[in-house]
Amino acid sequence: MGTDLGDLPFQLRAEQASGRLGGALLFTAGKGMATPNAGPGTAELKPSAYAVTTEDQARQAVREQVAKKVDFIKVWVDDRNGTVQKTPPAIYRVIIEEAHKLHARVVAHVYYLEDAKGLARAGVDAFAHLVRDREMDDESIALVKQHHVLMMPNLALAETRTHAEPPAWLDDPLYRDTTPAMVVDRVRASYGQRTSATVEAAQKTYRIMQRNLAKLNAAGAYIGFGADSGAVPDYFHAYNTHRELQLMVEAGMTPAQALAAVTVTSAGFLHLSDRGTLEDGKSADFLVLDADPLSDIANTRKIDKVYLRGQELDRAALRAAFQ
């Protein structure tokens with residue numbers, strides 16, 4: 001989501017399109033855009049963003065990425081707790097305007113309520129994250145609905161910061177299946193480095209996110225799915241998708257609503273007309289579960305079989321590779 005440097009992502013995507021490469025579908029936003037040092041929060045990823053300071057630079061950056069046929073344009077609008085200059089409205093408006101002119105969509109990283117309002121008015125297509133500084137008001141929710149902005153809650157990464165002690169999910173069998181033991185130990189040890197002040201601040205922020213998702217859901221907003229996996233060290237793909245679903249339900253969505261967000265809604269936003277539902281003629285990508293996720297969303301982790309494009313995956317071989 002805006003942190004892909006070089007040509008490798010585009011090469012992989014081309015190999016998938018030609019049928020030479022399988023696996024989970026790869027989409028890329030190429031290089032995202034922000035003011036200097038205001039892009040990704042992780043130091044290792046900072047070089048992946050354009051450092052944009054003028055409207056002309058913003059337009060040129062959009063054109064360069066659209067020429068590579070990126071799936072989205074990404075823009076960060078965040079001052080990282082006052083440590084950097086936030087992408088100003090004049091710049092993000094130009095990014096959205098130029099992208100739409102070239103038939104590309106824009107996904108914005110957002111933190112503050114007022115920025116969310118401005119981005120929605122400017123026509124942004126999706127938010128990667130909920131508003132986190134305060135509860136959304138009626139005006140902001142109305143703007144999100146009016147402009148049909150897809151909301152990706154991204155709860156799980158924020159939730160990991162709310163624990164003073166190692167959480168129980170570190171012992172979940174599915175997490176252990178997909179994570180080497182030495183990495184589990186490293187993650188567990190990291191909780192001993194937290195202070196009560198940082199945990200309390202994280203809990204306050206997370207409660208705001210929960211209330212905002214509940215408000216959006218109650219208002220019938222356009223809610224999709226994203227777990228922000230891989231955004232920081234030791235925050236991984238696979239298991240966190242299932243944890244994100246559970247947290248969405250804990251925040252007020254029904255299991256059916258959360259499952260729709262991760263399947264049909266997200267497939268629709270990605271323009272995947274052959275995925276997202278189980279129907280004749282569509283790609284057979286699905287899980288076979290041992291228990292009903294509509295009665296308990298945690299049952300998405302009780303996986304019996306996995307099918308990708310109609311072929312059952314060898315989960316034992318995958319487990320051995322992960323370990």
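At 28% relative accessibility, Asp-285 counts as partly exposed, a class that lies between buried (under 20% relative accessible area) and exposed (over 50%), as found with a 1.4 Å probe on protein chains only. Its salt-bridge partner, Arg-275, is buried at a relative accessible area of 16%. The model is predicted, so that local features need pLDDT of at least 70 and side-chain atom pairs count only at pLDDT 80 or more, while totals for chains, interfaces and linings use all residues. Residues are numbered from 1 along each chain as its sequence is written, and side-chain values use heavy atoms, with hydrogens and water left out.

**Salt bridges**

With a salt bridge taken as a side-chain nitrogen of Lys or Arg within 4 Å of a carboxyl oxygen of Asp or Glu, the count comes to 24.

| Pair | N to O distance | Relative accessible area |
|---|---|---|
| Asp-285 and Arg-275 | 2.8 Å | Asp-285 28%, Arg-275 16% |
| Glu-139 and Lys-117 | 2.8 Å | Glu-139 39%, Lys-117 4% |
| Arg-211 and Glu-135 | 2.6 Å | Arg-211 38%, Glu-135 32% |

Helices (H or I, at least four residues) and strands (E, at least two) are DSSP runs, numbered from the N terminus. The side chains of Glu-139 and Lys-117 meet in a salt bridge, and this pair links helix H5 (residues 138–146), which holds Glu-139, to helix H4, which holds Lys-117, across 22 residues. Arg-211 and Glu-135 likewise form a salt bridge, in which Arg-211 belongs to helix H9 (residues 196–218) and Glu-135 to the loop between strand S5 (126–128) and H5, 76 residues apart. Salt bridges that share partners also join Glu-114, Lys-117, Arg-121, Asp-133, Arg-134, Asp-137 and Glu-139 into one network.

**Helices H3 and H4**

Two packed helices are described by the angle between their axes and the distance between the axes. The axes of H3 (residues 89–101) and H4 (residues 113–122) come within 10 Å and cross at roughly 30°, where axes are lines fitted to C-alpha atoms over the stretch in contact and angles run from 0 to 180 degrees between N-to-C directions. In this contact (heavy atoms within 4.5 Å), Tyr-92, Arg-93 and Ile-96 of H3 meet Asp-115, Gly-118, Leu-119 and Ala-122 of H4. These residues divide into four nonpolar, one polar and two charged, where Ala, Val, Leu, Ile, Met, Phe, Trp, Tyr, Cys and Pro count as nonpolar, Asp, Glu, Lys and Arg as charged, and the others, Gly among them, as polar.
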